[in-house]
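Keep the structure open while you read.

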Amino acid sequence: MAAAEPLNTGIGDSVTRVEDSRFLRGLGNYVDDIVLPNQAYAVMVRSPHARATINGIDTSAAAAANGVLAVLTAADFSAYGGLPCGWQVHSKDGEPMTEPKHPILAEGAVRHVGDPVAIVIAQSKTLARKAAALVDVNYTDLPPMVDMQAAVADGAELVHSDTPSNVCFDWELGDEAAAEAAIASAAHVTRLELVNNRLVPNAMEPRSAIGDYNSATGEHTLYTTSQNPHVIRLLMGAFVLSLPEHKLRVVAPDVGGGFGSKIFHYAEEAIVTVASKLVGCPVKWTADRSEAFISDAHGRDHLTTVELALDDNGKFLALRANTLANMGAYLSTFAPAVPTYLHGTLLAGTYTTPAIYTNVKGVFTNTVAVDAYRGAGRPEASYLLERVVDLAAIETGIDPVELRRRNFIQPDAFPYDTPVALTYDTGNYQATLDLALERTDASGFEARKAESASRGKLRGRGLACYIEACGIAPSNIAGALGARAGLYEAATVRVNPTGSVTVLTGSHSHGQGHETTFAQVVSDTLGIPLDNVDIVHGDTGKVPFGMGTYGSRSIAVGGAALANALDKIVLKGRQIAAHLMEASADDVVFKDGQFSIDGTDKSVGFGDVALTAYVPHNFPLETLEPGLEETAFYDPKNFTFPAGAYICEVEIDKETGVIDIVDFHASDDFGNIINPMIVEGQVHGGVAQGVGQALMEGAVYDSNGQLVTGSYMDYCMPRADDLPNVTVSNHVTACTHNPLGVKGCGEAGAIGSPPAVVNAVINALGDFGVKHIDMPVTAHKVWSIMNAKNA
Amino acid sequence: MSVSVSMTVNGKAVAAEVADETLLVTFLRDDLRLTGTHVGCDTSQCGACTIHVNGSAVKACTMLVAQADGCEIDTIEGVSDGETLHPMQQAFKDNHGLQCGFCTPGMVMSALDIVKNNPSPSEQDVREALEGNLCRCTGYTNIVRSILAGAKDMEAR
């Protein structure tokens, strides 16, 4: 037999994406593309006020308008629960967080601009929109609580009148006394107050949902723009609408980006599900972009004071960080976990700081809910840490690279227990730093700076060494910390009779390319061509179970489940092959798609084994079931810990303050890499969002609680000519506790880049004595600093 | 009030009675079921709905159907030759110029317009010409690479 051509579609190959052909030809199937027979359209009536009581809602004119099928308000949802929060944080006194009701539609009060009050369902979107304007809501406008510091002050107006204060939780982690003692006696303490600016995720596809009730079967189908359809089925079915799971199917087809904002269970999903049964036809709702700005969960929004204590040699002795974290008006699905367990636990960074203490207060305000957005807590941790380290370098006169090196956890120190509850399994922070320095020609910086100066530009160089935690787990520990869900993943490998493979995965792809990378894992393991593998995701009617995609968990948790299911397939395949070859299964090895017996010329192809499994005429039926399909649930033993070093060089125009990123390099350790092309793309995208946060983006509320950055006219989204070409490099230390040795790569770019960019700007402005500029670092802020100094 | 319109869409004659307030993008998506043209904003800034009207890139959310009466319309669905991708589409695939795919049709339609007006664009030309298209996934690095590669492939043909 001639040697087979290498497939080049396995682990480590930059395979072009399976999903691209349909997207490039306009044949994607996004929720708003779906039109069901007899479908009606819903338009939401939303609060124009940040805080008001509702005295009454007159729906009569709207209900009588042309084409209107129904107008629904909170009264129509009185039988149902509120939207649940999926993570219960406890305060430092042991009390559970304050958890006010999050009604599906406003019940007597509205708490942020955009709070849904009523829904109009009509035969067309235009008719629904026209009728929505006729819904007459009688409000009494109240002064809103917009600013976090005002919200936590004594006597503050309450966002929820039935709560004792606007503090949702008062959480702490670490050793307060040890940190205090070290800070009190340290040779040097660097202090910094900083804002982690509020962001609007802005996936390009607005949220959309279609409810479709089948009265013949009693089954509900919800099509929704979700990153985790099974989670939505569980939350909405069990906790909101009391629909049994076997009568509720949730489909998240092609989804146009998520970045966290499509993890959460939103009111509109429950509304269209209920409405479809009420009006007797499918009901579709699709957000306008303006609506998305005031109804999608926002991200970040921290106010932090951080202190870093150092000894004479620049060794870190202690870190203390006190943070106010905005929750918005209601607790979104995972909001309380973000500034606590996904933030406080990361404050050791890549350093050996022995004493760490953090206090985080979650604060209710009359603003849109804040929840996980790309990185979710880890960008905030990385930002405060890498900013205060850089400032300490300036204050102590120690080179910022050297200061970091002196404090790095050493490569031989793993597994490493941090003082903030994590155990890093592996890493090599020196290696990624060295790589980043080499790739960005560190020694040539002074010459480049002089050349920039000759053109009237201030050049600056900034470094950030980040670490993050992906694939949040294990379930029992997360549960002890307040998670109300499991954090495993499931995968089914269905080998079809002719040897092609269908994978049912609980992970969900909304841009990440799972249909390619997961297929590569199959191709690599089973030795079959990529064309013979189909990855099915996003449908609770097809996929047994799953927790979805967030927190860079897909390959680390979902991929691991797939690897384990494939192992089971190979194990059974060996038993079938052993029978065919009249040998012991222990003697059968599987390689490159062939089952063979070592030291003999006997072999059976994977396809023959598959066919035998389904046509079991020559099959060990007495000891083995026919068929070849295996499922694995994988619950990780630990987080994974991607880390790396990002270096940014900027040029600032002295006349205008305009910042130009002239070089950006990301050196990451993601563990093993399935598809380098896709990983590089993930880093590019993450860096773009991080640069957007650092220089351009910021959600701004005025004192009346109006979102003044409520459209692409006002909210500054990075465009092609705002961003640099990002270069990447990788150093691999394989994850020690999952079968693929992978760590995850989806969020790193957004975590490492904001401090790198801001550090570069501060470095460029060295002559101006500026210690810190809050993000977004706009040209106006920079110009004002330069102009004040020049004046 | 309804109006009668007729136009050519992807080479096929189309005639319809539509409400006079109907946007061209709504007509393409809802009436013709050409759902590759996407709606990503309501202020004509994201470019996800970019199509070609009489050979030039236009955001389909900025036109009423009535204004397109008699026009030649091309959408993303008409770009490939069946399952064989156009060189620009192939360049996006080869250079990983797309992730979630939502902005992609608009990007490809803009890319074709960029290359039509400037067959050998520089990187900076491409970045500036993409001013009207937002992408949240890619950071644009690979979109720019794709368009530069696509331009070369188109010129070579």
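## A buried glycine

Gly460(A) counts as buried because it has 25 C-beta neighbours inside 10 Å. For the cut-offs, a residue is buried with 20 or more other C-beta atoms within 10 Å of its own, exposed with 12 or fewer, and partly exposed in between, with C-beta atoms placed from the backbone. Gly460(A) sits in strand β18 (residues 457-467) of chain A; helices (H or I, at least four residues) and strands (E, at least two) are DSSP runs, numbered from the N terminus.

Which residues does Gly460(A) touch, once those up to four places away in sequence are set aside? They are Glu649(A), Val650(A), Ala760(A), Val761(A), Asn763(A) and Ala764(A), where contact means that the C-beta atoms, placed from the backbone, lie within 7 Å. Val761(A) is 301 residues from Gly460(A) along the chain, yet their C-alpha atoms are separated by 5.9 Å.

## What you are looking at

This is a predicted model, in which local features need pLDDT of at least 70 and side-chain atom pairs count only at pLDDT 80 or more, while totals for chains, interfaces and linings use all residues. Residues are numbered from 1 along each chain as its sequence is written, and chains are lettered from A and ligands numbered from 1 in the order in which they are written.

The model scores ipTM 0.98 and pTM 0.97. Chain B has a mean pLDDT of 97, with 100% of its residues at 70 or more; pLDDT is the predictor's confidence in each residue, from 0 to 100.

## The core

Val761(A) turns up again in the largest nonpolar core, which has 305 residues; Val761(A), Ala42(A) and Val120(A) are those with the most contacts inside it. A nonpolar core here is a set of buried Ala, Val, Leu, Ile, Met, Phe, Trp, Tyr and Cys residues joined through C-beta atoms within 7 Å. Helix α15 (residues 554-580) of chain A gives the most to this core, 12 residues. Beyond its neighbours within four places in sequence, Val120(A) is in contact with residues including Ala42(A), Val43(A), Ala62(A) and Val135(A).

## A three-stranded sheet

Chain A has an open, antiparallel sheet of three strands in the order β4-β2-β6; strands pair if DSSP finds at least two bridges between them. At the edges stand β4 (109-110) and β6 (136-141) of chain A, each with a single partner strand, so one side of each has no neighbour in the sheet. Strand β2 (residues 52-58) of chain A pairs with β6(A) over six bridges, in the antiparallel sense. Ile57(A) stands opposite Val137(A) in β6(A).

## Where the chains meet

How many residues does each chain bring to the contact? Chain A brings 43 and chain B brings 45. On the chain A side, α1 (20-24), α8 (289-293) and α17 (676-696) each supply at least two residues, and α17(A) has the largest share, seven. The chain A side divides into 18 nonpolar, 15 polar and 10 charged residues. Here Ala, Val, Leu, Ile, Met, Phe, Trp, Tyr, Cys and Pro count as nonpolar, Asp, Glu, Lys and Arg as charged, and the others, Gly among them, as polar.

## Two domains in chain B

Chain B is assigned domain 1 (2-77) and domain 2 (87-156), with bounds from an automatic or database domain assignment. Their C-alpha centres lie 22 Å apart. In the contact, 15 residues of domain 1 of chain B meet 11 of domain 2 of chain B.

Notes. Contact = placed C-beta atoms within 7 Å.
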